[in-house]
Amino acid sequence: MHELVGALRNYAWGSRTALAQLCGRPVPSAHPEAELWFGAHPADPALVRIGGRKRSLLELVSDDPERELGSAAPEFGGKLPFLLKILAAEEPLSLQAHPSLAQALEGYQRENRARVPLDSPLRNYRDENHKPELVVALERFEALAGFREPRRTVDLLRALDVPGLAQYADLLAEAPDSSGLRTLFTTWITLPQPALATLLPAVLDGCVRYLSGKGRRAFGAEARTALELAEAYPGDAGVLAALLLNRVTLEPGQGLYLAAGNLHAYLRGLGVEIMANSDNVLRGGLTPKHVDVPELLRVLDFEPIDVPFVLPEPAGDGSVRYRTPAPEFELRRFDLAAGSGQVPLTAAGPGIVLCTSGAVRLLQNGAELLVERGGAAWISAADSDIRAQAVDGAAQLFCACVGAGN
């Protein structure tokens with residue numbers, strides 16, 4: 001077991017306070033801090049502190065995958081199959097989806113044949129992998145995730161009482177299924193600029209009227225979100241598209257799982273995120289980055305879904321587990337009480353231990369490693385009998401490892 005130093009990523013939508021506070025650094029930070037990566041992704045691998053020097057986790061795993069990954073090495077081509085992050089969103093992220101494994105492979109090879117450089121801002125597929133992902137809230141976390149049940153969306157569009165929306169509400173009412181959602185989403189995301197410049201302000205005025213009305217507002221969160229998105233991204237068709245998605249609020253400890261083709265956008269909050277080791281993103285709006293609507297339409301799943309909550313369930317070892325169908329990863333959470341004894345981390349290696357509250361001492365055969373809030377440790381497959389103990393008060397740990405089915 002070794003200390004793992006995360007790679008800090010700065011994006012405009014990040015927070016100047018959340019990650020700095022979590023990691024015990026001065027607040028505010030000089031730049032918005034969006035993500036802290038703990039993994040072996042080639043774009044920004046974490047560093048393993050071994051003795052007096054630091055070494056890339058990507059290099060460590062590549063040099064001896066059998067030792068570091070154990071039985072997972074042959075199944076995942078000698079690569080760590082997941083990427084663990086802490087994500088801090090102060091502003092909304094882009095409206096986006098991720099490809100399936102087959103779509104990622106085909107898209108990656110297609111862009112290679114077209115000789116699109118891997119570091120080009122116009123590149124959609126930067127690797128051959130899919131990107132199922134799970135986010136667990138550390139504080140209240142807001143998001144849009146998956147297409148809402150169409151009849152409910154018809155109710156929302158009619159509640160806004162905007163004449164320009166009537167034809168679209170009727171369209172969806174006549175086909176309240178995935179085909180109707182596909183037609184409406186495609187229509188809105190490709191609206192000619194003059195039509196968008198007429199419809200979008202009218203919709204926003206409708207949101208303001210709706211929120212100023214008396215009584216309980218069943219779609220209050222949706223209307224407020226549309227206004228907030230329009231303020232951040234004026235004139236963006238993604239604001240209309242957001243009206244079709246489930247509006248989600250996660251309380252601390254609750255999770256959200258996003259499968260391939262699931263249209264989503266994180267809005268704000270701090271959370272632990274784990275995903276397959278990929279950086280493939282198809283964007284449809286709400287961003288200054290590259291948007292490729294035709295490619296997004298190729299990968300989207302328009303089947304309406306309930307909010308894909310993932311609630312923690314007891315794992316039988318003192319932890320709770322966030323169960324998903326992804327074979328690449330599993331995430332568990334340990335809540336260690338002050339003064340508690342040593343807790344075995346039964347599913348530790350190969351994996352990453354991340355401390356999100358308090359401080360913990362990891363113990364193995366007489367060796368000790370202190371992991372403080374915002375810090376992490378790499379546990380190789382060769383490491384066994386790892387135990388954790390809270391230091392000076394309660395502590396919270398997340399343990400990321402390869403999926404339980406592997």
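Biologist: How many residues of strand 9 are buried, and why can the strand be called largely enclosed?

Modeller: Buried means under 20% relative accessible area, with exposed over 50% and partly exposed in between, using a 1.4 Å probe and protein chains only. In this predicted model, seven of the seven residues of strand 9 (residues 141–147) are buried, so the strand is largely enclosed by the rest of the structure. Strands here are DSSP runs of E with at least two residues, and helices are runs of H or I with at least four, numbered from the N terminus.

Biologist: What should I know about the model before reading further?

Modeller: Because the model is predicted, local features need pLDDT of at least 70 and side-chain atom pairs count only at pLDDT 80 or more, while totals for chains, interfaces and linings use all residues. Residues are numbered from 1 along each chain as its sequence is written, and side-chain values use heavy atoms, with hydrogens and water left out.

Biologist: Which strands pair with strand 9?

Modeller: Two strands pair if DSSP finds at least two bridges between them. Strand 9 pairs with strand 10 (residues 245–250) in the antiparallel sense over five bridges, and Phe141 stands opposite Leu250 there. Four bridges join strand 9 to strand 12 (residues 264–276), also antiparallel, with Ala143 opposite Tyr266.

Biologist: In what order do the nine strands of the open sheet run?

Modeller: The order is 5-4-1-22-19-24-17-16-15, with antiparallel pairing; the edges are strand 5 (53–56) and strand 15 (313–314), each pairing on one side only. Within this sheet, three bridges join strand 1 (residues 2–5) to strand 4 (residues 47–50), and Val5 has Leu47 as its bridge partner.

Biologist: How is a pair of aromatic rings described?

Modeller: Such a pair is described by the distance of the centres and the angle of the planes. Rings of Phe, Tyr and Trp (its six-membered ring) pair if their centres lie within 6.5 Å, and planes under 30 degrees apart count as stacked, over 60 as edge-to-face and the rest as tilted. A search of the whole structure finds six aromatic pairs. The rings of Phe147 and Phe185 have centres 5.9 Å apart and planes at 85 degrees, so this pair is edge-to-face. The pair links distant parts of the chain, with Phe147 in strand 9 and Phe185 in helix 8 (residues 178–189), 38 residues apart.

Biologist: Are Phe147 and Phe185 buried or exposed, and which cluster do they belong to?

Modeller: Both Phe147 and Phe185 are buried, and together with Phe302 they form one aromatic cluster.
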